[in-house]
2 protein chains.
Amino acid sequence: MPYFDTASAAPLHPVARQALLAALDEGWADPARLYREGRRARLLLDAAREAAAEAVGCRPDELVFTPSGTHAVHAGVAGALAGRRRVGGHLVVSAVEHSSVLHAAQAHAAGGGTVTEVAVDRFGAASPAGYAASLTSTTALACLQSANHEVGTVQPVAEVAEVCAAAGVPLLVDAAQSLGWGPVEGGWSVLTASAHKWGGPPGVGLLAVRKGVRFAPQGPADERESGRSPGFGNLPAVVAAAASLRAVRAEADAEAARLRVLVDRIRRRVARLVPDVEVVGHADRRLPHLVTFSCLYVDGETLLHELDRAGWSVSSGSSCTSSTLTPSHVLRAMGVLSEGNVRVSLPRGTTAEEVNGFLDVLPRAVAGVRAELGVPDPSASAATPVAESVEVDALGLRCPQPVIELARAIGTVPVGGTVTVLSDDEVARLDIPAWCAMRGHVYLDETPRPIGAAYRVRRAV
Amino acid sequence: MPYFDTASAAPLHPVARQALLAALDEGWADPARLYREGRRARLLLDAAREAAAEAVGCRPDELVFTPSGTHAVHAGVAGALAGRRRVGGHLVVSAVEHSSVLHAAQAHAAGGGTVTEVAVDRFGAASPAGYAASLTSTTALACLQSANHEVGTVQPVAEVAEVCAAAGVPLLVDAAQSLGWGPVEGGWSVLTASAHKWGGPPGVGLLAVRKGVRFAPQGPADERESGRSPGFGNLPAVVAAAASLRAVRAEADAEAARLRVLVDRIRRRVARLVPDVEVVGHADRRLPHLVTFSCLYVDGETLLHELDRAGWSVSSGSSCTSSTLTPSHVLRAMGVLSEGNVRVSLPRGTTAEEVNGFLDVLPRAVAGVRAELGVPDPSASAATPVAESVEVDALGLRCPQPVIELARAIGTVPVGGTVTVLSDDEVARLDIPAWCAMRGHVYLDETPRPIGAAYRVRRAV
């Protein structure tokens with residue numbers, strides 16, 4: 001059964017599995033011990049660090065292993081901020097960082113620091129100019145992901161690193177989504193990554209801090225991993241992580257070229273096969289294996305269930321905020337439609353047949369969900385207008401219903417007339433303007449109401 | 001080759017290995033996902049939590065998995081302290097806690113909190129009265145290990161929990177060394193443990209927080225594991241940890257009885273076979289598999305190398321401070337000899353033959369190290385005294401040399417005369433009084449000198 005959510009977690013790479021098994025036998029002892037089992041563990045740890053450092057493009061003594069990518073991010077952000085505390089407490093992040101970076105930023109703000117979020121364009125890309133404008137004399141750290149985890153857009157890391165270097169500000173790069181495909185180019189200062197994203201085992205993150213970067217580890221002291229990652233190390237997993245990183249890198253270019261063709265096909269065919277769909281993310285500057293699109297008048301969770309029932313595992317919206325029922329912060333920052341959002345991330349080895357099978361199932365699944373929701377007939381907008389302006393009460397309705405109500409109502413006003421939608425669903429703020437952009441109508445404004453808000457739309461076509 | 005350092009790390013239990021392999025195939029996906037791979041992972045996670053909670057003696061929703069025992073301790077101490085911030089910032093710990101607890105306490109103190117260390121007796125045991133005397137109206141948390149990791153002494157957790165409950169103070173119990181042997185008795189509030197201590201894989205700690213205990217997780221937010229342990233979980237390792245905990249518990253009583261006999265033999269025979277040795281830790285209230293002793297006139301590291309060369313892996317002093325060359329904080333708190341310290345912790349399945357082999361090798365190894373160091377002939381103290389008082393310059397000499405110099409000099413003064421040892425070795429403060437107690441001489445006092453200190457000893461026999 002095809003699993004198309006490798007950006008969330010990947011099955012263990014065969015090399016990782018083999019290395020893990022060997023290291024379970026050889027690497028269970030404490031590498032800090034002097035006896036033979038400890039010395040053997042130390043040799044394995046040193047070799048894993050050298051291999052991982054080579055893949056990252058840093059010195060072995062600049063790299064430590066953490067229990068997860070999230071731990072690497074939390075430790076990296078806190079350590080880099082503390083290392084430059086005397087400069088100031090200002091942190092700059094892009095608006096589309098992974099939740100681990102944004103949560104670290106929130107913790108920094110809660111502790112009295114200030115945070116600037118750099119806006120992104122409609123493709124999810126941050127700009128060097130956006131960073132340049134955000135850096136101040138008190139900026140202690142800037143963070144930028146190497147590529148976005150939800151829409152696959154590759155960020156201009158090298159250019160942003162130059163801007164940061166010119167301002168004397170260190171740049172932390174969260175390379176979780178891209179490190180399996182290649183090293184991060186440019187003059188980064190701190191780099192984080194997560195092994196289970198490239199087919200390594202869970203339980204391993206990477207934290208690299210360039211020599212010369214001021215870094216003060218936070219939290220209780222611990223002498224392991226240069227004082228930057230406390231706790232007894234997970235050596236078998238570390239060995240497996242390093243071995244699999246080397247293995248996936250060896251085949252990365254060929255596999256990227258192959259998957260890029262499949263993803264291009266999905267991007268083209270989805271736009272053609274599914275009505276009212278918005279393919280999001282940058283068309284060229286993107287990860288080779290990831291594509292995201294949003295379907296009007298579709299409930300993402302129901303669509304996922306339909307696809308799951310048909311045998312395809314994909315994800316929707318932001319991985320870390322799905323249970324909170326708020327729209328993905330990435331899609332929100334991009335200003336694109338969030339309803340009916342589907343992220344497809346192909347594992348290495350995905351075949352054209354599997355992709356074709358998905359493209360066969362998807363249009364039917366979307367149509368099925370829409371039929372259940374009672375989506376308005378597109379010809380409804382040709383109906384005779386009944387009034388210059390109409391107010392639609394969508395209070396209590398959840399995504400995608402407010403947008404469906406709006407689509408139903410737009411035909412009841414003449415071109416130039418307005419529809420006002422009352423909604424207390426957080427998603428309306430994002431999806432009503434997105435609907436307008438897709439449909440060619442004019443989004444006017446939002447006015448707070450005692451419950452929810454009123455969103456005004458002018459019919460333009 | 002016998003490995004006698006299971007208190008540091010244990011080879012993977014066969015059940016853990018089997019469970020880990022199965023879970024690598026079944027449990028690699030994100031348990032928060034809605035598709036089949038995610039649901040399967042969720043089922044495994046729920047089952048592991050239930051099994052671990054049953055072994056701990058708590059509800060499943062009271063228990064979370066962390067990346068290590070150290071992470072559990074750091075998160076548990078910080079969360080419990082923050083949960084009672086309004087009560088005050090006073091933390092009570094025993095003087096012989098694991099370094100992870102003491103480091104958490106240091107971080108608390110660095111952040112403006114206050115810390116009281118409860119003293120222990122010569123066997124390493126804390127007393128309920130010691131805790132009662134330390135609790136104040138501003139005490140937010142008390143910590144006590146279930147059993148000591150260096151000398152095996154079992155702590156009076158249930159009694160201390162009663163004292164704490166009477167004062168309305170939650171008690172955090174670090175059960176790292178004992179959880180494989182049985183649940184922690186008594187009314188603890190927070191409990192921490194580490195899977196690789198019981199033969200589970202590295203990368204898994206347990207943090208249990210009883211319902212009703214005020215707990216405020218610290219650090220950046222993360223919705224996983226009830227917000228108490230951030231980062232993508234290490235599910236295969238968690239499954240293996242829970243399975244192996246159940247497996248070792250099933251055989252714990254029988255194995256404990258068997259190992260207790262072997263440890264008793266080591267305690268008795270070491271005292272008989274090795275001259276000038278001090279077996280430390282409580283004779284009865286102790287872990288079944290762990291025994292520690294210190295050998296006068298012996299350099300611990302050299303002895304470990306000798307034993308390693310002969311095929312036995314043991315550890316010395318505090319695992320976490322060995323590289324700092326300061327004496328173990330546990331032995332220091334107990335006031336017992338630290339030089340030539342050896343900790344033997346038997347893995348499950350250790351045979352009487354292996355123990356006999358160790359007892360055969362040990363006396364020769366100790367004698368060899370002493371011969372190299374030029375240890376004084378015991379009959380030297382019968383030599384003719386040359387002066388009422390003698391000063392020995394041991395500046396620049398490292399453990400065990402200052403004590404060897406003292407032993408050489410004691411025969412040069414008459415009974416009632418004094419020897420003053422000048423030493424800048426930190427260990428002298430602990431080992432000179434310990435030597436006096438072992439030899440029957442009177443330790444008088446210590447006076448600071450421009451370099452190091454002067455330690456005065458009165459010859460009594």
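In the predicted model, chain B and chain A bury about 4800 Å² between them, with 58% of this on carbon and sulfur atoms; buried area is the accessible area (1.4 Å probe) that two parts lose on being put together, summed over both. In chain B, the residues that lose the most area to chain A are Trp28(B), Tyr35(B) and Arg36(B), which together account for 13% of what that side buries. The contact draws 60 residues from chain B and 61 residues from chain A, where contact means heavy atoms within 4.5 Å. The model is predicted, and local features need pLDDT of at least 70, side-chain atom pairs count only at pLDDT 80 or more, and totals for chains, interfaces and linings use all residues. Residues are numbered from 1 along each chain as its sequence is written, chains are lettered from A and ligands numbered from 1 in the order in which they are written, and side-chain values use heavy atoms, with hydrogens and water left out.

Eight salt bridges are found across the interface of chain B and chain A, a salt bridge being a side-chain nitrogen of Lys or Arg within 4 Å of a carboxyl oxygen of Asp or Glu. The side chains of Arg33(B) and Asp5(A) form a salt bridge at 3.7 Å, N to O. On the side of chain B that touches chain A, at least two residues each come from helices H1 (14-26), H2 (36-56), H3 (69-83), H4 (99-110), H7 (235-250) and H9 (300-310) of chain B; helices (H or I, at least four residues) and strands (E, at least two) are DSSP runs, numbered from the N terminus. H1(B) provides the largest share of that side, five residues.

Within chain B, three strands form an open antiparallel sheet in the order S8-S9-S10, where two strands pair if DSSP finds at least two bridges between them. Strands S8 (277-280) and S10 (341-345) of chain B each have a single partner strand and stand at the edges, so one side of each is left without a neighbour in the sheet. Strand S9 (residues 290-295) of chain B is joined to S10(B) by five bridges, and the two run antiparallel. Ser294(B) has Asn341(B) as its bridge partner in S10(B).

Elsewhere in chain B, Pro414(B) lies in the loop between helix H12 (401-409) and strand S12 (418-423). Leaving aside residues up to four places away in sequence, Pro414(B) touches Pro385(B), Ala387(B), Glu388(B) and Arg459(B). The C-alpha atoms of Pro414(B) and Val461(B) are separated by 8.9 Å, the two residues being 47 residues apart along the chain.
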